[in-house]
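Student: I am new to this structure. Could we go through some of the terms used for it and see what makes each one apply?

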Amino acid sequence: MRNNGAAAAALPPRFADWFAARGWTPRAHQLALLEHARDGESVLLVAPTGGGKTLAGFLPSLIELTETPKRARARALHTLYISPLKALAVDVARNLEMPVAEMGLDVRIETRTGDTPVSRRQRQKYSPPDILLTTPEQFSLLLSHRDANRMFEWVKTVVLDELHATINTKRGELLALGLSRLHTFAPAHRRIGLSATVADPVPLQRYLVPQPPIGEAKSALVIGQAGAKPDIEVIASESYVPWAGHMAYHAMPDVMGAIRASTTALIFVNTRAQAERIFQALWRINEDNLAIALHHGSLAPEQRRKVEAAMTRGKLRAVVCTSTLDLGIDWGAVDKVICIGAPKGAARLVQRIGRANHRLDEPSQAILVPANRFEVLECEAARDAVLAGELDGDPPRRGGLDVLAQHVLGMACSAPFDADALYREVKTASPYRALTRDTFDRVVDFVATGGYALKRYDRYAKLRRMSDGKWRISHPRIAQQYRLNAGVIVEEPMLDIKLQGKGRPVGAGGRVLGHMEEYFLEQLAPGDTFVFSGNVLRFEGIRENAAYVTRTQDPEAEVPSYNGGKFPLSTFLARRVREMLANPKMWGSLPEPVGEWLRIQEWRSIIPSPNQLLVETFPRGSKHYLVCYPFEGRLAHQTLGMLLTRRLERLRLRPLGFSANEYALAIWALRDMGGADMDKLFDEDMLGDDLDAWLAESALYKRTFRNCAIISGLIQRRGLNEEKTGRQVTFSSGLIYDVLREHEPDHILLRATYEDAGHGLLDIARLSEALRRVKGRIVVKALDRVSPLAVPALLEIAKEMVAGEAHEDILREAEEALIADAMRR
Amino acid sequence: MRPLTLTLSPGSGGEGILYGVHVSPDLHIKLNGEELQLHPSGALWWAAERTLVFADLHFEKGSSFARGGQLLPPYDTRSTLARIAALARHYAPERIIALGDSFHDRDAANRLDDNERAALRELGDRAEWIWIEGNHDPHPPTWLGGLITSEIAIGGLIFRHLPSPQPAPGEIAGHLHPCAKVTRRGRSIRARCFASDGNRMVLPAFGAYTGGLDVRERPLRALFADKFLAYVLGTKRVYAVAA
């Protein structure tokens, strides 16, 4: 490490000595941050893992607190640290205690999370610590208290950790609104944002500072020293690359070898089903009985905590995990990251690889394991992007109206508000910069009386406008209800999984194994098998709030996926994959089977250029197929599939079904679709009436509505006296949607739902962009049989179910089965 | 907002969509010797007696929740009324039976607005109403007109709110809000249904915000000694499915 005496002089002696005693030199970005903070400026620090980022964030506060004698300070909160992860807040607090103790600083540090005991929460209100570490939800709750201003008016610094992971989410929107209120309480406070490397820091810089009524403001920017380039290896066999699937079973011996060669490996996968299956596959060949653990969101919290604790103690050789471990506590022992399946995005890959990096100057070791041929292309494209230092960035989202509604109610719980003042305040939050006054007023009206054209609920109003023009809550009960229901993370309704003995009637008791999403379990028929918590289980049925299962000997579970990939392939990475596909010069670096696959495709059909959309049609068996390759991710393809089948039905081509994956969409029909006018079929106008008609009955859209209804406070998750079960909420929210859509289609909550669906489960925004991109660039190839490129999509038809939507055909079939049963002799 | 227009005068009758109700051929079944038609809206039509039957209308369920702080869209009553009116226009019944829990709570009738009251009166003028008492509305308001009773026997049938725990041939009841989940090829659909073994029957809830109880849950299964069928409501027709 280079010596930097002058830089060290910028630190007070006590701090300089401490750095020296540890054999450290302050890093340039730590000092730069300090300088900005001394000038009272807000600043964004972008630096890779292992660069002393967290310490950098706290240095200005620690120095300021030390320079001001305790008795000269107000007994007040000086620094607020907000992390998206509760565990991270706790861990950072613990790490911060070390320098504080070693330098003998008189600084009180405390955390506040959902686990903090009531007595300590009470004390924190009248005797706040110097530094409080908490989460966006707790911050929001604190702001809704009647005397919130007393707690926050002396705040000098806010540190926002993992800002890149928070910014484009509803939690980030809630946090932005909370910060706008904090700015009113403590106008002089500065903000320090900490972020991993991002493609474009400007949206984060804007997020950090209050936005002026006209124009834009952004914080200062400090970019930390880049780490060493990672070593990324793509494992793909020269002799065998699977056509389809996501499990990469063929590569398990290689993965096992990599585990053996490392101290501790993190094995990232994209879905919980993948985690379960790969965990099983590894244990089948784990001859040395290496300590390999499993970590994902459906496992009981105690079990997850156990794994995390064993990890901290260095007891594990590998953990198979989902995105639950993308962020979080630094585990010193991790020296290898193995990513199985598609990386999905370059930024996500960098984040995951960074989990193995603790020394800035040493390269992190990463292995990518593609599970099929398209994933080979995706892995190669992602590796090239990471090595070239290019990252994908999502464009900033507009703040959700459901989140705004929750905030408005929270503010009313704190103190009566003046609508003009609150509107001005909200607009300083960058996600709400473009909020119009009319929309804001409609949100306030929604919170107050439901915002309906039919004014029926004045007497049940939650907010009332007083004679002084201010809005206040109508009853203290409203504030209690708000606190019970606050937060923007909507859990899917869950059912317990109960294991019962064979041959017993369904519902006759059993041991609870864990819980799973109701919508997945609702898709199962008795006799279906699936893997959960390392066991192959047979589904028997749902009774009340539990799904009953029995053990089965069948080694192969039939139902392959639950909660299939949450994150779609990024737009940026999709473009790189299309470019790689279109450029035969790049095929040389691919494994032989993949290169051969593309060469035969070129000969038999067409390799589309990066901006073209290839549409192939061919007969197979008794059906006709249409396969297209937009590379826009499963969610956008699913929406496209819904809309195209509607159009094909109108053209009387008798579509029967479709299947979507990250790269392609396959539709099958009774008639040949090759004669259809593809430009017309794929025209953007499908996002008009066709989309509208589909949304009216879409189960995915109703789920989006339900989330918005819960976040906005229309539907309460928890009542004051009872906990409502998720099942009841799901069912009735669909009925409420139907009635609202019928009677008041332009209601503010339906608008919130539509805006949310643009990015969420239906990815309409992305589909719309894709249709615009390929307009006039559709190449059609009518084939006499399936093309090489279409094979993976067709293989998935047999394996994967299309999530979410079911038609009434199911009822017809069930009726026919009944009749057949009745007529059997 | 759509205006509330409930006209009962004859208009463009026949097949088609009226206020969201598909008016089309129904499923005919025999129950204790009487021939009944199951309509995909969840209504029961007894042609021989020119009687239309609805269960669990739950008027003003929305405002009932609003009192508790959940400001649900205040359109559930008019949505339910519009569907009743469309069916009344289609069948021109002489008698309409509401099988109890017509009002979501004891105060619900007081919360109806003038339009909704007028619509109810107009419906009352069209046919003789029989209001069965339910557990949510043990005393339906008398201004509605018609007969208020705990149960009524007509021909081979007996109409009551709560299904009797004993075997009850010819019983038509509500209260349980049956619904069925049908799964095929990894996809499933959940919808309201009639439940019947050919001997007795439970009607689906007709109210706009009324939820459902799975037909395989004990309270429903216990009513039928042997096999029974779920008559599942589709958008255009009713499907008979093994329960």
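Tutor: Start with a pair of residues: A265(A) stands opposite A318(A) in β11(A). This is a predicted model, in which local features need pLDDT of at least 70, side-chain atom pairs count only at pLDDT 80 or more, and totals for chains, interfaces and linings use all residues. Residues are numbered from 1 along each chain as its sequence is written, while chains are lettered from A and ligands numbered from 1 in the order in which they are written.

Student: What makes β9(A) and β11(A) a pair of strands?

Tutor: Two strands pair if DSSP finds at least two bridges between them. Strand β9 (residues 264-268) of chain A is joined to β11(A) by four bridges, so the two are paired, and they run parallel. A strand here is a DSSP run of E, at least two residues long, and a helix is a run of H or I of at least four, both numbered from the N terminus.

Student: How do you know that β10(A) also pairs with β11(A)?

Tutor: Strand β10 (residues 292-295) of chain A has four bridges to β11(A), again parallel. In one of them, L294(A) is the partner of V320(A).

Student: Why is the crossover from β10(A) to β11(A) called right-handed?

Tutor: The chain passes from β10(A) through helix α14 (residues 301-312) of chain A to β11(A), and this β-α-β crossover is right-handed. That means that, with the strands pointing away from the viewer, the path from the first strand over the helix to the second runs clockwise.

Student: What makes both faces of β11(A) covered?

Tutor: On one side of strand β11 (residues 318-321) of chain A are A318(A) and V320(A), on the other V319(A) and C321(A), and all are buried. Buried means 20 or more other C-beta atoms within 10 Å of the residue's own, exposed means 12 or fewer, and partly exposed is in between, with C-beta atoms placed from the backbone.
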